[in-house]
Amino acid sequence: MSIYRLALWSRMKSPWIYHINTGSCNACDIEILAALTPRFDVERFGIKLVGSPRHADVLLVTGPVTEQMAERVKRIYEQVPQPKFVIAVGTCACSGGVFRGGYTIKGGVDTVIPVDVYVPGCPPRPEAIIKGVVLLLQKLKGEAK
Amino acid sequence: MSYAVDLLFGPQHPALHEPERFRFKVDGEIIVDVDVKIGFIHRGIEKLAESKNFIQNIYLTERICGICNVAHTLCYVQAVEDMAGIEVPERAKYLRVIVHELNRIHSHLLILGVAAELLGWETEFMYLWRDREAIMDIIEDVTGNRVTSAFNTIGGVRRDINNTQKERMLKVLDKVEKDTRFHKKVLEEDPLYRERMVNMGVLKTRDAIERCAVGPTARGSNVDYDVRAHDPYAAYDEIPFNVIRYKECDSWARMMVRVDETLESINIIRYALKHLPGGEIRVKVPPRLPAGEGLSRVEAPRGELIHHVFCKGDVKPYRLKVRTPTFANILAIAPTFIGHTIADVPAILVSIDPCFSCTDRLTFVDVSSGKVMKLSLGEIKRMYWSR
């Protein structure tokens, strides 16, 4: 087993998540927090919200990317160690949503950094966010084989 | 001789769930000066509102802030109704109060939990959020969605509630009341919580009035100011309730105001459900509204919220102006950081329940020289259209 496959195997057991708000209205953010709390409790799968991008495997990005945040999102993305994955949570993160066309809005997250999984919804329910993470893990598994 | 060092806090910081930057000048560990920079998530909503029609703008204003979304839609539709002289049916007014108060309960329990988390007390965070889910269930039951639902619409509300829903709601409210009383006891008595919150960020009554603090931040400083009581809207003039105030003026008092307001909101909902009048839930409103100007004030979970709408007899507003509570509170609270240690920053900041997605405004700063520019509306328009 190569080192990469060993890392991937361990990562699938416990993906650590870092949450960036790039201009979201807070609705997606509270649903992400709700997914961590006892009703939904993603921590039982080893999914953990961490305080630094340097500890993270997965970036959860919420909100349309504003002019001011664009550079910062890029910088945070570069700080995440390889291999790294991005989940765009919410319609705004997928496409810009209701804010599309605004003078400070660049559009969805994929205009700035590559995105692996899109979770639409305004805001997506915690179940949908969990589904997004599970989809990502399946994608990883496909790579592992 | 001592040196003051600039310590940057944010824009991405684990203690802030939204990007915002604070520059603290610290001497050792003591904060001697603070500078707030807002605007990272400025989305140009007021400008966007001019390009959408009145109904579309309900959905846009709802997304100014996802947490106090009902307050934003309520304030916006009231401003439009004020402008067009639309009378809302009595039943709709009561339904608006019910959903507005449900929204307040969810927002208050949310920030109490987040405050506990920021103080490193994750157990209480988990318990509070577990109990909050019951409220999310009834919000979904009544409005159709957990968070954003655009329940209010111009001329009334979009959905009615039936007796089954009423009974379900009363049952859940009993449970939430019991849970909230338990949390009140915990937050009042826990020595560690008191240690972290009591005497933190003291905002004297006089200062709170002078710096125009609003909402629980002002009421935690013993200021008797609540829009629901002093400028009643919807059905608040018919519903009896107390304005919660605390004399301590510190972070702890501001959090306890929220706990007591949660209990008060439960009573308001019970009263509204009991006295719910019959009849229509909305009146028909034409898409094109007459020229005019409308203003509405609402007590959002974080404080006084103002929407101001202008129309020139079109299907779109000519101008929408929003003034949000955190914008007032952040300036009121900023000087109170001084003299505290860096570790106390989250405890003070969370006590105003900051919501930066409401707050971010447009200012132009020339970064190389630090000069603040003022641009005329015409110049902004040219910049906007040239993109």
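How many residues of chain A are in contact with how many residues of chain B? The answer is 41 residues of chain A and 44 residues of chain B, where contact means heavy atoms within 4.5 Å.

A quick note before the views: this is a predicted model, in which local features need pLDDT of at least 70, side-chain atom pairs count only at pLDDT 80 or more, and totals for chains, interfaces and linings use all residues. Residues are numbered from 1 along each chain as its sequence is written, chains are lettered from A and ligands numbered from 1 in the order in which they are written, and side-chain values use heavy atoms, with hydrogens and water left out.

**View 1. Here is where chain A and chain B touch.** The area buried between the two chains is about 3500 Å², and carbon and sulfur atoms give 60% of it. (Buried area is the accessible area, taken with a 1.4 Å probe, that two parts lose on being put together, summed over both.) The rule finds eight residue pairs in polar contact across this interface, both residues at pLDDT 80 or more. (A polar contact is a pair of N or O atoms within 3.5 Å; within protein, one must be able to donate a hydrogen and the other to accept it, and residues adjacent in sequence count only if both atoms are side-chain atoms.) On the chain A side, β1 (16-21), α2 (27-36) and α3 (67-79) each supply at least two of the residues that touch chain B. Top contributor is α2(A), with seven residues. (Helices, H or I with at least four residues, and strands, E with at least two, are DSSP runs numbered from the N terminus.) Sort that side of chain A by class and you get 20 nonpolar, 13 polar and eight charged residues. (Ala, Val, Leu, Ile, Met, Phe, Trp, Tyr, Cys and Pro count as nonpolar, Asp, Glu, Lys and Arg as charged, and the others, Gly among them, as polar.)

**View 2. R125(A) meets E140(B) in a salt bridge.** Their side chains come to 2.7 Å, N to O. (Buried means under 20% relative accessible area, exposed over 50%, and partly exposed in between, with a 1.4 Å probe and protein chains only.)

**View 3. E46(B) and R319(B) form a salt bridge.** The side chains meet at 3.2 Å, N to O. E46(B) sits in helix α1 (residues 45-49) and R319(B) in strand β8 (residues 319-323) of chain B, so this pair ties together parts that are 273 residues apart in sequence. R319(B) is partly exposed, with a relative accessible area of 29%.

**View 4. R104(B) and E101(B) pair up inside one helix.** In their salt bridge, the closest N and O atoms are 3.1 Å apart. Both residues lie in α4 (residues 90-118) of chain B, three residues apart, which is about one turn of the helix. R104(B) and E101(B) are both buried. Follow the shared partners and salt bridges join E101(B), R104(B), R219(B), D226(B), R228(B), E261(B) and E299(B) into one network.

**View 5. T73(B) lies in helix α3 (residues 69-84) of chain B.** This residue is buried, with a relative accessible area of 1%. Setting aside neighbours within four places in sequence, T73(B) is in contact with I58(B), T61(B), E62(B) and N152(B). Its helix, α3(B), is mostly covered, with 14 of its 16 residues buried. The end C-alpha atoms of α3(B) are 23 Å apart, which agrees with the 22 Å its 16 residues should span at 1.5 Å a residue. (The expected span of a helix is 1.5 Å times one less than its number of residues.) Just after α3(B), G85(B) takes a positive phi of about 65°.

Terms used
Salt bridge = Lys/Arg side-chain N within 4 Å of Asp/Glu carboxyl O.
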